[in-house]
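Here is a short tour for anyone meeting this structure for the first time. Keep the 3D view open and follow along.

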Amino acid sequence: ASASLISRNSTFSDNHSSSDGGGVAHAGGVAHFNNVTVAYNTAGGNGGGLHFAGSGGFSITNTIVADNDDTSHSPYRNGTADCSGAFTSSGYNLIGDRARASNYPTTPDGCTLTTATGDTLGGVWLLTNYLTYYAGLGALQTNGGTTLSRSPMASGSGMSVDHGSPNTPGSGGSSCEMFDQRSQLRPVDGGTDGIARCDRGAVEH
């Protein structure tokens, strides 16, 4: 679409595109995601989960883009490319696999992200090892709400629980949304440290 795209507390999961962007494909207008989960989508083209080909700018905050599959595996030399295009971060996002091509300078990355505080970016090289990140999400179900979602599992099971912004939810900037996709108030202490901090993605653990 060429119009603006604003999404909050939304789950894009288990979708398939024969072309670009298995979960979301956007071109043209300004786009912004806050507390969105883009996971377990597949694309036959570029960006297993998220694809941006516009010039208006696409910013993401407290968002999960992970566990997607770009089945074309091209033109990336590595990885499965959770996303394609150029994105701007406002902080605290998880990108599972950018299909980083740093060891192959003539080959493009799956996606690029202007990073900010709290981002976790997979698809990077550590010596000869290629590192990706797992979101640690449960099955696609209602999770106590009225719409389908994927709830993050325990804090040791991935990179979602207690990894969102530490700022007061709903306070602007990089803060999480005040309520999650199920209308549950944020934050909830999903770990074992006794400190309530919101999670990345659409659903609070």
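Which residues does Cys83 touch, not counting those up to four places away in sequence? They are Gly47, Gly48, Leu50, Val65, Ile95, Asp97, Gly110 and Cys111, where touching, or contact, means heavy atoms within 4.5 Å.

## Before we start

This is a predicted model, where local features need pLDDT of at least 70 and side-chain atom pairs count only at pLDDT 80 or more, while totals for chains, interfaces and linings use all residues. Residues are numbered from 1 along each chain as its sequence is written, and side-chain values use heavy atoms, with hydrogens and water left out.

## The overall picture

The protein chain has zero helices and 19 strands. Both are DSSP runs, numbered from the N terminus: helices are H or I with at least four residues, and strands are E with at least two. Out of 205 residues, 48% count as buried. Buried means under 20% relative accessible area, exposed means over 50%, and partly exposed is in between (1.4 Å probe, protein chains only).

Take the contacts between residues at least 6 apart in sequence: 68% of them join residues at least 24 apart. Accessible areas come from the Shrake-Rupley method with a 1.4 Å probe; for residues, only the protein chains shown count as cover.

As a rule, nonpolar side chains in soluble globular proteins tend to be buried together.

Next, look for an open sheet of three strands, in the order 3-7-11 with parallel pairing. Two strands pair if DSSP finds at least two bridges between them. Strand 3 (16–17) and strand 11 (69–70) are the edge strands, each pairing on one side only. Strand 7 (residues 42–43) is joined to strand 11 by two bridges, and Thr42 stands opposite Asp69.

Now find Gly48, in the loop between strand 7 and strand 8. Is Gly48 buried or exposed? It counts as buried, because its relative accessible area is 0%. Among the residues Gly48 touches are Gly21, Gly22, Gly23, Thr42, Asp69 and Cys83. Gly48 and Ser84 are 36 residues apart in sequence, yet their C-alpha atoms are 8.0 Å apart in space.

Strand 19 (149–152) runs antiparallel to strand 18 (residues 137–141), with three bridges joining them. Gln141 stands opposite Ser149. Both faces of strand 19 are covered: Ser149 and Ser151 on one side, Arg150 and Pro152 on the other, are all buried. In a regular strand, side chains alternate between the two faces of the sheet.

Arg150 forms a salt bridge with Asp14, their closest N and O atoms being 2.8 Å apart. A salt bridge is a side-chain nitrogen of Lys or Arg within 4 Å of a carboxyl oxygen of Asp or Glu. Arg150 lies in strand 19 and Asp14 in the loop between strand 2 (11–13) and strand 3, so the pair ties together parts 136 residues apart in sequence. Arg150 is buried at 9% relative accessibility, whereas Asp14 is partly exposed at 45%.

## After strand 19

How many salt bridges does a search of the whole structure find? It finds four. One of them joins Arg182 and Asp180 (2.7 Å, N to O), and Asp180 is buried at 3% relative accessible area. Another joins Glu204 and Arg186, with closest N and O atoms 3.3 Å apart. Glu204 and Arg186 both sit in the segment after strand 19, 18 residues apart, and both are buried.

Finally, Met178, Phe179 and Leu185 form a nonpolar surface patch with about 280 Å² of accessible area together. Patches are made of residues with over 30% relative accessible area and no salt bridge; like charges are joined within 9 Å, nonpolar side chains (Val, Leu, Ile, Met, Phe, Trp, Tyr) within 5 Å. Phe179, in the segment after strand 19, counts as partly exposed at 39% relative accessibility.
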